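User: I am new to this structure. Please pick one part, look at it closely, and then take me on to where the chains meet.

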Amino acid sequence: MPEAPLIEIRNLHATAEDTPILNGIDLVIRAGEGHAIMGPNGSGKSTLSNVLVGKPGYEVTGGEVLFRGEDLIAMEPEIRAREGVFLAFQYTVEIPGVANNYFLRTAVNAMRTHRGEKELDAIDFLTRLKEKMKLVEMPDDMMSRAINEGFSGGEKKRNEILQMMLLEPSFCILDETDSGLDIDALRVVANGVNQMRSPDRGMLLITHYQRLLDYIIPDRVHVLSRGRIVRSGGKELALELEEKGYGWIEEGDAAGAPA
Amino acid sequence: MSDETSRDTLDSLLALHASSAESPGEAAWLDDLRSEGLAAFREQGVPTRRLEAWKGTNLGPLQAMRFGRVGPGASTSAPLSFPDAVEGRPELVFVDGAYDAARSRVAGLPSGCRLLPLAEAMREIPDRLRGRLGQLTDPKHQALDALQTAFLADGAVLLIERGTVLADPIRLRFLATGAEPRDDEESASAAAAFPRLLVVADEQSRATIHLSFESVGTAPGLTACVSELHLGPAARIDLVEVQAEDPERIHYSSVHARLERDARLDSHVFTLGRGLTRSEIEVTLVEPGAETRLRGFFLGRESGHVDHYTTVDHAADHCTSDEEYRGVLDGRSEGVFRGRVIVRPDAQKTDARQSNPNLLVSRNASVDSKPQLEIYADDVRASHGSTTGQLDADALFFLRSRGVGLAEARLLLTRAFARSIVFSIENESIRERIAEQVDESLASLEGDAPDIPSDRLSRQKAREKARRKGSERTQRGDAR
């Protein structure tokens, strides 16, 4: 008998600023699995990731999302995070005046408190931080700087992965993590993500390009179009998309849709 | 006398004035100064909102006060503790306006520098004060300065000789005990303190002064402090002022500085009290090369009212002023910022910058920000900007998405907003102390303002370049 799903998305409908974007998504991800969602611009990829983490401005109008059997949509964003849902953002925010290391320790300790664990003191936290920083090849001085302030595109993405490694979520969503990265930065980021893969962790990669999937190999690939998953398959589906582009999916979707 | 001032308030002040002990043997000009102050205050009365400079602030609560004298006995009976006094550092303590020798420490000062209570200075070295004390204020047009001058009795005097550098900051603490007036007058319930600060920094001297106004009890009252800073050529003064008095107390502080050639004044004002505060600073750059950096952080809480009225007068060429005041308004508080910058006809090559970003953390808080540039020279660089908004919703969401709770995320962002002002204090020990004090004050915010995404933030932005008689002029990029 298969293991109980980590996350179960059932017939999810959502709007962004009153415009329907998601029109019935069904997706089940189990611990240990890596899924990729691909699709053309405007198909709802980012909306899906934002809805899953509870970003304001999006409204769930139908369906449900169960995270380890619990209603995820009913949870506040910080509770979702503490329960183990993590989104590596496509566009990060810069927060002047809040030092990266201070923020990270606050976040790590919020997680630990939620799990009933003891908070890390400054020394223990620093040891852990240094170890993870090495993995994403991040220079020491970036930690005392304000969150993402003056960071290059690659540094911002690495900072997202660093946060993921420190917070140790059980479900990781990576939204267009490959966008704007050169090949070296992509390798560093992919390496970080691959280190995080484990039998008790689920991954959802959202990407427009197949390139990322050369580095992070998914178990399943789904194609999103007009707010619905229109095709699912193994990793070879990504190659097919790369070859044929998205045009045929959209045409097929339009043809298959009721008039 | 103005009809606006309540008779009772004025009478109580006059009675208080009449009962002030005369100092026998004091120089006659000092008493003339007081008399002029009294006359000027009687003439003007308590300022009302009809005056341009007081449009944003209603001194009604002052009109309701009946003043009586707080005896010397009253203050010492209150248990006062000073856990954060720094060993070996000079510190003068004033309790309800009067110098407290037992709690003060005049130590660690280099030769070439004198720090003493004003009462003593007026007795012992009046000639050193003459031509300095009262020179920078204009009682005829500043009613509360006039009132303070009428009650001129105590405070601090710092005289620094040419080339003398004070390594350690000087701390001046003004404590209000909240002791009831001991007057026979039954109705008198408010206590007033009128401290005065005089700093004369001669050529190339340097000092840091940390002024703090604190309360150790709760009672209605008035603190009116006037400071005069004379900076000689290439002198540098860092002034850090912290207002954290009791909410029932009205706080008035007025700083006047005159900067000669190449002198520099760095001022930091922190207004953390919950009551009615009016904080004025007026800097006159009288000779070329003078420079001032004015920084302020104000926090409005509950029904507090915080008014900052600043004036930078560029009276000579090649001077620089750089001003930034940041406000956080919570509860039903009101913030007022008026930033006057005057560039006189001869003040060519002036560089004047001003900004006032404000954060409204509650729905019912408000802020009234008005920069006023009056530029009469044509070769200048001047800019100002004022923004008022809520916490950045995207930043708030980002922190929450990493598990940080809403309240803590708000606090983190609000502290970050204040931090740029705190961190620009040069002296490390003062900076750390104030960082703690500001963090602590911000921890009590209630904040119910909606979060607005940064791209939709309603913003009032004002950018003004060199402006003359209301007409826009193009900015001179190569002014410096």
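**A covered helix, and the contact between chains**

Analyst: Start with helix 7 of chain B. The cover over its buried residues includes helix 1 (7-19) and helix 2 (28-44) of chain B, along with strand 8 (196-201), strand 10 (221-231) and strand 12 (249-259) of that chain. Keep in mind that this is a predicted model. Helix 7 spans residues 143-150 and is mostly covered, with 8 of its 8 residues buried. The buried residues are B:A143, B:L144, B:D145, B:A146, B:L147, B:Q148, B:T149 and B:A150.

Now turn to the contact between the chains. Chain B brings 18 residues to it, and chain A brings 29 residues. About 1,900 Å² is buried between chain B and chain A, and carbon and sulfur atoms give 67% of that area. Three residues stand out: B:F397, B:F398 and B:R402 supply 39% of what chain B buries against chain A, more than any other three residues.

One salt bridge joins the side chains of A:E78 and B:R400, at 2.7 Å from N to O. Polar contacts link 7 residue pairs across the interface.

Which helices of chain B each supply at least two residues to the side that touches chain A? Helix 8 (393-401) and helix 9 (406-422) do. Helix 8 gives the most, with 7 residues. By class, this side of chain B has 9 nonpolar, 3 polar and 6 charged residues.

Terms used: Residues numbered from 1 in each chain as written. Chains lettered and ligands numbered in written order. Predicted model: local features only at pLDDT ≥ 70, side-chain atom pairs only at ≥ 80, totals over all residues. Heavy atoms only, no water. Contact = heavy atoms within 4.5 Å. Buried area = accessible area lost by both parts, 1.4 Å probe. Salt bridge = Lys/Arg side-chain N within 4 Å of Asp/Glu carboxyl O. Polar contact = N/O pair within 3.5 Å; in protein donor to acceptor, adjacent residues only side chain to side chain. Helix = DSSP H or I, 4+ residues; strand = E, 2+ residues; numbered from the N terminus. Nonpolar A, V, L, I, M, F, W, Y, C, P; charged D, E, K, R; others polar. Buried < 20%, exposed > 50% of the residue type's maximum accessible area, 1.4 Å probe, protein only.
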